Amino acid sequence: MSAPSTGGASRDGYGSALLRLSSDPRVVVLEADLGKSTKSCHFRELYPERTISLGIAEQNMVLVASGMASSGKIPFASTFAIFTERGFEQVRNGVARPGLAVHLCGSHGGVHTGTDGSSAQSIEDLALYRTIPGMTVMHPCDDLSAEELTVQLLNHDNPSYTRTARNKTPRMYDQETCKSLKIGKGSVLREGGDVAIISCGVMVSESMKAAEYLSSKGIEATVVDMHTLKPLDTDLIDELAGRCKGLVTAEDHSVIGGLGSAVAEHVSYNGGTPLRMVGVPDRFGESGTPQDLMKAMGITYGDIATSCESLIS
Amino acid sequence: MDNAQLEELARQCRRHIVRMIHSAGAGHPGGSLSAIDILVALYANKLRFDVENPDWDDRDRFVMSKGHASPAVYSILHEVGFISEADMMSFRKMGSVCQGHVDMKWTDGVDFSAGSLGMGLSFGLGCALAARMDSSDRDIWVMVGDGETQEGQFWEAAMAADFHSVGRLNLIVDRNRIQNDDFVEVQMEVGDVAKKLSSFGWDVKEIDGHSMEEVVSAIEWSSSNIRSPTAIVAHTTKGKGVSFMENNPSFHGKAPTDEELRMSLEELS
């Protein structure tokens, strides 16, 4: 078994959360050969009798989870974000339609995944799952918030999809502050009256860097960790739209259908709040370091800052 | 029930099937009529359920993976008391508890939301794994169509069921040899399904799916075999019981006309 990461990657938070959830006997864990990668391996090691290994067969895994949920279990199933997509129709028809609370976790989301290349870099998962009625969609930004939000799924009645990231990013929370997180409520990490940056996942720390940079130039930005894309915290967005000159979204995901689209869908009803979207343009990634890929895709803190400046100028 | 009573009940269900599809103006008579003898034997003699408590944790599960054969399911659910005549005859109409394809969210007594082929065996496997964790002796029954075994997910589930040795998982393949567009052998022949399942580690029995004696005996055999997952490959006739629908691909998914309904009911009287 590979050594766990030392903290900071949101997938580690998923692994820690499963251990905390283990005290509830209804919790079962399903794997499709990538437990070492998604970090469900730690649960497997301690609770093999409640871990179901299904091999490299994601479609089957989704419906096995669904059958278990229909029989009183609370299934947590994981694989790479991109491979959950192979079971998309299964999630749609076999999980969400009957309203069974299966919790799916896709790790290695986004181009930040890095050197594995475009086949492993899901840039469309959040868009896909957001379209399914009744589905909760989350993308936490660090290990501690991923752990807290995953633990909260225990009492969540809806099916969910949570994207985690392969690589470490700076922690945005500590053991105390992460306790204030709540599924469906955006978390304001920084206050500023000029512009609001609404971000998720690995882009939250980039957004904080962008805000620091903007501050040095006299522009004050609010930064929101919008860890839940669905249901979207529209009250918070309305509040931000009311007190800032505009909104900038930031995500390691296609600009088509993700967080930016979710915010755009909402603000299109409220009189046209100025909005810029920072995200992966309509193209696939490639092999490279996370930093090189983010630069190539135009999703660095500098790109966020530029969008903010252009928005308020 | 004895076999004669089961046969009479099946005849009554066949009448319900053609009536509800005629009333809806749409539906799937062929695969409903091929499956109904088996459903009748299961519901009347084998399955453990409580009409007063449809969500009873320890009920046996019946996963109808070939969800388009919903009229067969609704006909027997009506006969055992889950749904009324009016419910049944509202099939496919707006707001009806009898949706076009069986759906657990809509109908008491339905354990699975079907409609997309290839998923039911996986779901049944999940039910069986949960039952084992709960140390329950509830049985899980899954029915699939033969065309459905063209789906890759079916074989993912077949492999996983053997690996996890779920002895209370019971599969029935309705081998009626016709799928949506044409005969299975024309679309993509699925071959010796029994041999294929056997090579996947399943205990398999082949029967005539319209011989009540063979159906009842195979169900007993499958239920009592808890050593490994078991499969009954039931050789059936699509449209069985209505002469002009029998073995006729055009009645896979077509409602009878007024005249065809009259002729059907006459043959099933």
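**Notebook: a first look around chains A and B**

I opened with A:H108, which counts as buried because 26 C-beta neighbours lie inside 10 Å. My cut-offs: a residue is buried with 20 or more other C-beta atoms within 10 Å of its own, exposed with 12 or fewer, and partly exposed in between, the C-beta atoms being placed from the backbone. I note that this is a predicted model, where local features need pLDDT of at least 70 and side-chain atom pairs count only at pLDDT 80 or more, while totals for chains, interfaces and linings use all residues. For anyone following along, residues are numbered from 1 along each chain as its sequence is written, and chains are lettered from A and ligands numbered from 1 in the order in which they are written.

I found A:H108 in the loop between β4 (103-107) and α7 (125-130) of chain A. Here helices are DSSP runs of H or I with at least four residues and strands are runs of E with at least two, numbered from the N terminus. The phi of A:H108 is near 60°, a positive value although the residue is not a glycine.

Next I looked up A:K39, another non-glycine residue with a positive phi, of about 85°. A:K39 is placed in the loop between α2 (35-38) and α3 (41-46) of chain A. Is A:K39 buried or exposed? I put A:K39 down as buried, because 29 C-beta neighbours lie inside 10 Å.

I then checked a peptide bond: the one from A:K230 to A:P231 is cis, with omega near 0°. A:P231 sits in the loop between β10 (228-230) and α10 (234-243) of chain A.

**Entry: chain A as a whole**

I listed 13 helices and twelve strands in chain A. Its radius of gyration is 18 Å, close to the 20 Å of the globule rule for 313 residues, so chain A is as compact as a globular protein of that length. That radius is taken over C-alpha atoms, and the rule is 2.2 Å times the number of residues to the power 0.38. The C-alpha trace of chain A spans about 60 × 40 × 40 Å along its principal axes. I noted that 59% of the 313 residues of chain A count as buried.

**Entry: two domains**

I looked up the domain assignment of chain A, which gives domain 1 (10-163) and domain 2 (184-312). Such bounds come from an automatic or database assignment. The centres of the two domains, taken over C-alpha atoms, are separated by 25 Å. Their contact takes 24 residues from domain 1 and 30 residues from domain 2. Two residues are in contact if their C-beta atoms, placed from the backbone, lie within 7 Å. On the domain 1 side, α7, β5 (136-138) and α8 (143-152) each supply at least two residues.

**Entry: helix α1 of chain A**

I compared the length of α1 (residues 10-21) with expectation: at 1.5 Å a residue its twelve residues should span 16 Å, and the end C-alpha atoms are 17 Å apart, which agrees. The expected span is 1.5 Å times one less than the number of residues. I found nine of the twelve residues of α1(A) buried, including A:Y14 and A:L18. The buried residues of α1(A) pack against β1 (27-31), α2, α3, β3 (74-80), β4 and α8 of chain A.

**Entry: where the chains meet**

How many residues of chain B are in contact with chain A? I read 20 residues of chain B, against 23 residues of chain A. On the chain B side, α5 (120-133) and α6 (152-163) give two or more residues, and α5(B) gives the most, with nine. By class, this side of chain B has ten nonpolar, seven polar and three charged residues. Ala, Val, Leu, Ile, Met, Phe, Trp, Tyr, Cys and Pro count as nonpolar, Asp, Glu, Lys and Arg as charged, and the others, Gly among them, as polar.

**Entry: the core**

I looked up the largest nonpolar core and found 175 residues; A:V64 and B:L39 are among those with the most contacts inside it. A core is a set of buried Ala, Val, Leu, Ile, Met, Phe, Trp, Tyr and Cys residues joined through C-beta atoms within 7 Å. Helix α2 (residues 29-45) of chain B gives the most to this core, with nine residues. Leaving aside residues up to four places away in sequence, B:L39 touches B:A72, B:V73 and B:I76.
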